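Let's take a look at this one together. Have the sequence and the 3D view open as you read.

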Amino acid sequence: MEIRVVAGGIQSIEDELIVINLFEGVEKPEGATGAVDQALSGAIRELVADGDFQGKREQVAVLYPRGAIPASRVVVVGLGPRDDFTLDTVRHAAAVAAKKARELGVESFSSIVHGAGSGGFDLAEAAQAVVEGSVLGLYRYQELKNKPPDRPDPEQFTLVQFEESKVPVVERGAELGRIAAEATCLARDLINRPANYATPSDLAELALDIAGEFDTMRCQVLSEEDADELGMGSFLGVAQGSEEPAAFIVMEHNPGRDDLDTVVLVGKGITFDSGGISLKPSQKMDRMRGDMGGAAAVMGAMLAVGQLQIPLHVVGLMPATENLPSGHAYKPGDVIRAMNGKTIEVINTDAEGRLILADPLAYASRFEPKAVIDLATLTGACVVALGQGMAAGAFSTDDGLLARLLAASQATGERIWHMPLYDEYLASLRSMTADLANTGGDRFGGVGVSAMFLKQFAEDYPWTHLDIAGMTFEERPPSPQLPAYLQRGGTGFGVRLLVRFLRDWNEAN
Ligand code: BES
Ligand code: ZN
Ligand code: ZN
């Protein structure tokens with residue numbers, strides 16, 4: 001979809017469809033909506049007075065101006081109560097409107113910048129949110145379907161800004177929104193893509209392609225032999241059960257200035273998690289193609305980093321492998337050795353995420369990073385604790401780093417929630433034969449235990465671990481409670497959070 005910005009009043013725009021909005025409880029619309037209402041001789045006031053439209057969050061009304069204004073259709077989208085209004089409401093409203101435009105079969109539509117007028121938000125932020133909501137709302141995964149969808153996507157989307165002098169601000173926000181949303185769609189595609197189409201080699205190839213687009217970016221794919229030479233026995237232990245060659249993907253964005261801080265992003269890249277010898281139940285096992293949601297978020301973030309040319313040294317580490325049972329799979333009771341020399345007794349082969357992260361966390365030290373953030377669909381226990389789609393669990397060894405991530409979370413609506421790293425969690429990882437075990441016998445506190453396991457390998461730098469198990473794959477059916485920019489399947493959670501965090505890094509210093 002092509003996105004552009006024009007100056008003018010929305011009531012004078014000639015397009016197949018224009019979008020305006022209304023807060024809940026407003027009887028006499030003002031601003032852009034008021035201007036359209038007036039041009040339509042009070043048609044919107046009448047809609048409200050008749051009780052047909054209350055401005056509720058999920059509501060949309062379509063009006064046909066029949067020549068009263070140049071546009072062929074008017075879509076009024078509800079914003080809900082003014083007191084609950086956030087940038088996330090803007091994303092949601094934009095998604096509702098974009099989906100309506102598609103449903104009506106239009107090729108081109110225009111919208112005001114929701115939230116910038118009486119909503120009181122910064123104009124660039126609001127424009128960014130409108131574009132994010134529209135692009136993410138229209139997302140569909142259909143690369144493996146032969147039949148095209150009944151309703152094609154609109155081809156053109158125009159943001160309308162009343163004051164000509166503010167057009168560049170809207171353009172800047174819209175461009176940020178497009179980049180963040182398209183990077184999120186890339187992550188969604190990777191998560192939705194079946195494991196036989198998204199193998200570790202496929203991820204590696206994509207990473208090489210992305211890096212090739214930017215002069216500032218390099219990508220190095222370490223083979224199993226390379227990883228072996230580096231002593232990555234923990235990663236390779238998981239990989240040994242699969243016929244698919246594993247890949248340790250290193251992406252590096254370096255604008256080539258030696259005064260830049262280094263930030264390392266690590267993403268769990270299990271392209272399919274069967275559980276291995278500790279086999280998972282077959283119900284819903286297909287969802288485990290999304291067990292590379294962390295790597296997908298890092299890949300998406302790296303794409304955006306390249307496009308935005310962020311003035312930071314950013315390294316993306318993506319250990320990628322399947323976790324499968326076979327005659328050469330690792331077994332419960334086996335002991336493997338991570339890159340930092342620590343030995344690990346494998347109690348449960350389904351706790352493989354922490355094993356493939358141990359090595360990249362140790363490897364990250366060589367970059368002398370100012371921050372390391374890992375994202376991983378690590379534990380069902382995190383979903384039990386916080387709920388499906390509610391928030392990612394955030395574990396941090398550094399309060400400053402956590403604060404920056406919480407600020408990015410606030411700005412993007414990608415929720416993270418602070419969780420504790422108690423030393424006592426380690427007690428359950430005591431092993432008879434090795435330095436530590438990969439799981440404890442206790443069924444309580446599994447998410448804290450997994451984070452404390454990772455901490456044993458994240459020793460030399462400020463570190464935050466995000467357990468995104470409940471956030472990567474949306475299981476819930478569409479409902480008014482769910483933001484309209486999320487569909488069932490891959491969410492791309494973490495991309496917008498990381499991009500925001502990296503963009504703000506130098507400002508917060
Ligand atoms: N990939 C799973 C965690 C997961 C569960 C992600 C649900 C997304 C949705 C992970 O590898 C796993 O299997 N974890 C085990 C750990 C246990 C064996 C200690 C779990 O959570 O049950
Ligand atoms: Zn597992
Ligand atoms: Zn897993």
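A donor here is an N, O or S atom within 2.8 Å of the metal (3.2 Å for Na, K and Ca), and because water is not among the atoms, sites may look incomplete. With that in hand, find Asp 273: it bridges the zinc ion (ligand 2) and the zinc ion (ligand 3), which are 3.2 Å apart. The pair ties together distant parts of the chain, as Asp 273 belongs to strand β10 (residues 269-273) while Glu 352 sits in the loop between β13 (343-345) and α10 (353-363), 79 residues away. Strands are DSSP runs of E with at least two residues, helices are runs of H or I with at least four, and both are numbered from the N terminus.

This is a predicted model, where local features need pLDDT of at least 70, side-chain atom pairs count only at pLDDT 80 or more, and totals for chains, interfaces and linings use all residues. Residues are numbered from 1 along each chain as its sequence is written, ligands are numbered from 1 and chains lettered from A in the order in which they are written, and side-chain values use heavy atoms, leaving out hydrogens and water.

## How each zinc is held

Which residues hold the zinc ion (ligand 3)? They are Lys 268 (NZ), Asp 273 (OD), Asp 291 (OD) and Glu 352 (OE), at 2.0 to 2.4 Å. Along the chain, the spacing of these donors reads K-x4-D-x17-D-x60-E. The six donor atoms make angles of 78 to 174°, so the arrangement is octahedral (six donors, opposite ones over 155 degrees apart and all others between 65 and 115).

The zinc ion (ligand 2) has Asp 273 (OD), Asp 350 (O), Asp 350 (OD) and Glu 352 (OE) as its protein donors, 2.0 to 2.2 Å from it. Its six donor atoms show angles of 71 to 167°, and this site is irregular.

## Helices α5 and α9

Now over to helix α5 (residues 167-192) and helix α9 (residues 293-308), whose axes come within 8 Å and cross at roughly 150°. Axes are lines fitted to C-alpha atoms, for helices over the stretch in contact, and angles run from 0 to 180 degrees between N-to-C directions. The two helices are therefore roughly antiparallel (an angle over 145 degrees).

Contact means heavy atoms within 4.5 Å. Among the residues that meet are Leu 176, Ile 179 and Ala 183 in α5, and Ala 296, Met 299 and Leu 303 in α9. By class, this contact has 13 nonpolar, three polar and no charged residues. Ala, Val, Leu, Ile, Met, Phe, Trp, Tyr, Cys and Pro count as nonpolar, Asp, Glu, Lys and Arg as charged, and the others, Gly among them, as polar.

Technical notes: Angles under 35 degrees count as roughly parallel, over 145 as roughly antiparallel, 65 to 115 as roughly perpendicular and the rest as oblique. Four donors count as tetrahedral if all angles lie between 85 and 135 degrees; four count as square planar and six as octahedral if opposite donors are over 155 degrees apart and all others between 65 and 115; anything else is irregular.
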